[in-house]
Structures are given as structure tokens and as C-alpha cells.
Amino acid sequence: MNPVLAELHDKARAVLDPVHYDFFAGGVGDEVVLAENEAAFGRLALLPRVLRGKEISTDFPLMISPTAFHRLAHPDGELATARALSGTTLVSSMASTVPIADVVAAATGPVWFQLYVQPDMDVTEVLVRRAERAGCAALVVTVDSPVFGRHRRDIAHGFHDLPAGLTAENMRDLAGEALRNIEMSTAISWRHVDRIREMTALPLWVKGVLHPKDAVIALGHGVAGIVVSNHGGRQLDLVPAALDALPAVVDAVAGRVPVVLDGGVRGGGDIALALALGASAAGIGRPVLWGLAADGEQGVRRVLDVLRDEFLHVLALCGGELTRDMVVVRGVAGC
Ligand code: FNR
């Protein structure tokens, strides 16, 4: 892990209520996937290309993945995260502790809205309209959560509810109710995705695809992009590391839409590996929460700055281009 990220993580752990630290840090089940997401990067190596004489692009292919409840990490919550963007895209969680309109108003980069489809489609439509009105540039429908993940750390702490004064602000005043809970439902299907696509002109991404067949189906439903993700090891503790699932999805999509990878990205080199395996960008979840808890807006900015700097350095050392033939398995000769 990049040492600045490690320092921010240590500081976050020191300042956070241990119950809230565990909510952010934890995964589902035995936390096999949580560990695998990071370990997968360590199993791969990059064969740089030399003497390519190329101008190195300064594009920074990173986005902030949606994470819930930023005000548990810092009193300014999602406002601090949004202020730190300086051009980076924030996918703002439907479970944010600041309303989406305020997140967008504070943002110094594009904001996309992450949505868990609510079985009551009237509620879903109100959420979509709020995202549109706020000025979000895209919708990201999370598709890996037909039920809530079972997080043993939260169960052990009895952590079910936000502390008094904090709430999922986007869930206020929906369909005649002052405050609704976010619902998960196994009844959600591609039909619901179609209905959302019909109700809005915003580009529609799906997040949480691991099977290449689902990636192909997603294309048939007109998605603008796919996030390969296992929810940071927080849903099914039997899935592969997100990075290991990436190449098959990239092959299935065959360049028709962009594919983003999240899960376990902890340094600029990890972003480079994801790109070499065909991702058009990488996403980060927890590192932003550590920066936010450690030092608010400034902490998030440090996370983004250090990852940008490290990624561009790696890119230069690789000859300015990252392709799949440059990725080899560490410790295996002749590949
Ligand atoms: C998440 N994630 C998530 N995803 C989503 O679609 N909606 C959400 O509200 C949340 N909330 C959330 C809370 C916390 C505390 C975590 C750690 C994660 C998943 C998130 O978008 C992303 O997929 C992972 O966090 C990526 O893995 P890393 O970078 O945390 O390893």
C-alpha cells in the first residue's frame, strides 16, 4: 500500500469510534474477498515497454466509488469529499448523509448518483429526478445487492442504525413518508433497469457485475458503462477478487462501453494494473474514507494527489501505455 494511504488509514483507525471504523473497514463473512481484493494486485507484475519516445498523458483514470455515511467519518461528510475532487469524478452514494443536491453544489468535479433500485418504482423515480435536478452527470445502478451483506463486525457490535442526527438524507420525503429505509429486493431485474433507462436521459451504468454473461446482457439493455466490483468484499464472500474477474468482462464487452474496476486499489501501481487488464479507470472506496476520517477535505485531497502522482510515475516508467501483454503472473517464469 502507498505509505501516505497507510498513514491516513492508521490515523483514521485512531480517531474513529471503533464501531464506525469496523463498519467502514469490514467485509462479509470470513472477509476472504476483502483480503483477496488487495492480494490479487500483488500476484501480478508489469513488463514495461522501453524507448517508446511518447508524451505521457496526464489523464488520471480514477473515480471515487460510492460509499455510505461519510458523516460517520467526518462532520462535513460528503461535502468535504465533494470539495476535494478537483476534477475527479465522485459517484455519490444514495446512502449519503448529505442530500445529493448539496453534494453536487459543493463539488469540484463531476458527480454521478449511485442508486439501489427501490422495489416501489415511484420511489426510484423520485430519486432519479433528484439526481437529475441536482445536476448529476450519470446514474450508477448497483446490481450486486439483492439482499444486504452480513457483516460480522457490525453484527458483533450491534451496529444497525446511524447515531442520532445522521440519516440517509436522500431518503427523506419519499412517496408520502418522512423518512424511508433503503430496501433491497431479489425481485429487481433487468426490466427495472429498462424502466430507469426509459425515465431518464442520463447515462446509466451498472455496478457490481462479475460474470461476463451479465456484462453482455447489460450491453443489450443499453448501459453506458460497467463497474466490475464485488462491493469491496461486502456482499458474497465466495466471489473472486475484483481484479481477477476483470479480464473476462473486458473480453465480453470488447470495447463497446467503458469498464471500471474497483476493490482493493491501494496505490498508483494498482490503477496501472487495472488499466493494463483493460479497465478504462479504477475506483476507490475505503481509501477516501480513511482520508476523510483522518483530515476531512484535506485528507481526501491527499489520497487523490498521491494516487495521481504515483500512477503517472508508473505510467512513465511503463512507456506511457498499458496493455494486457505487459501483465505477467509474479513468480512464474516464461509468461
Ligand atoms: C461501500 N460500497 C457501496 N457501494 C454502493 O454501490 N453503494 C453504497 O452505498 C456503498 N457503500 C459502501 C460503504 C462502505 C463503508 C464501503 C467500504 C463500501 C462499495 C464501494 O462502492 C466499492 O465497491 C468498494 O468500496 C471498493 O472497494 P475498496 O476500494 O473499498 O477496496
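Here is the chat that followed, going from the whole chain down to single residues.

Guide: Before we start, this is a predicted model, where local features need pLDDT of at least 70 and side-chain atom pairs count only at pLDDT 80 or more, while totals for chains, interfaces and linings use all residues. Residues are numbered from 1 along each chain as its sequence is written.

Visitor: What radius of gyration does the chain have?
Guide: Take the globule rule, 2.2 Å times the number of residues to the power 0.38, with the radius taken over C-alpha atoms. For 335 residues, a compact globule would come out near 20 Å. The C-alpha trace spans about 65 × 45 × 40 Å along its principal axes.

Visitor: What share of the residues in the chain is buried?
Guide: Buried takes 20 or more other C-beta atoms within 10 Å of a residue's own, exposed takes 12 or fewer, and partly exposed sits in between, with C-beta atoms placed from the backbone. Over the 335 residues, the buried share is 47%.

Visitor: Which helices do the buried residues of helix 2 pack against?
Guide: In helix 2 (residues 18-25), the buried ones are His20, Tyr21, Phe23, Phe24 and Ala25. Contact means C-beta atoms, placed from the backbone, within 7 Å. The packing partners are helix 1 (3-15), helix 7 (152-157) and helix 12 (286-317).

Visitor: How is helix 6 oriented to helix 8?
Guide: Axes are lines fitted to C-alpha atoms over the stretch in contact, with angles from 0 to 180 degrees between N-to-C directions. Those of helix 6 (residues 121-134) and helix 8 (residues 190-199) come within 11 Å and cross at roughly 40°. Under 35 degrees counts as roughly parallel, over 145 as roughly antiparallel, 65 to 115 as roughly perpendicular and the rest as oblique. So helix 6 is, relative to helix 8, oblique.

Visitor: Which residues of helix 8 make that contact with helix 6?
Guide: From helix 6 come Met121, Thr124, Glu125 and Val128. On the helix 8 side, the residues are Arg195, Ile196 and Met199.

Visitor: Which residues does Thr200 touch, leaving out those up to four places away in sequence?
Guide: Thr200 lies in the loop between helix 8 and strand 8 (204-209). Thr200 has 17 other C-beta atoms within 10 Å, so it is partly exposed. Its C-alpha is 11 Å from that of Val126, 74 residues away along the chain. The residues Thr200 touches are Val128, Glu132 and Leu139.

Visitor: Is His231 buried or exposed?
Guide: Most residues other than glycine have a negative phi. His231, though not a glycine, has a positive phi of about 65°, and its place is in the loop between strand 9 (225-228) and helix 10 (242-253). With 23 C-beta neighbours inside 10 Å, His231 counts as buried.

Visitor: And Asp173, buried or exposed?
Guide: Asp173 is found in strand 6 (residues 172-174), and its phi is positive too, near 50°. Since Asp173 has 10 other C-beta atoms within 10 Å, it is exposed.

How values were computed: Helix = DSSP H or I, 4+ residues; strand = E, 2+ residues; numbered from the N terminus. Contact = placed C-beta atoms within 7 Å.
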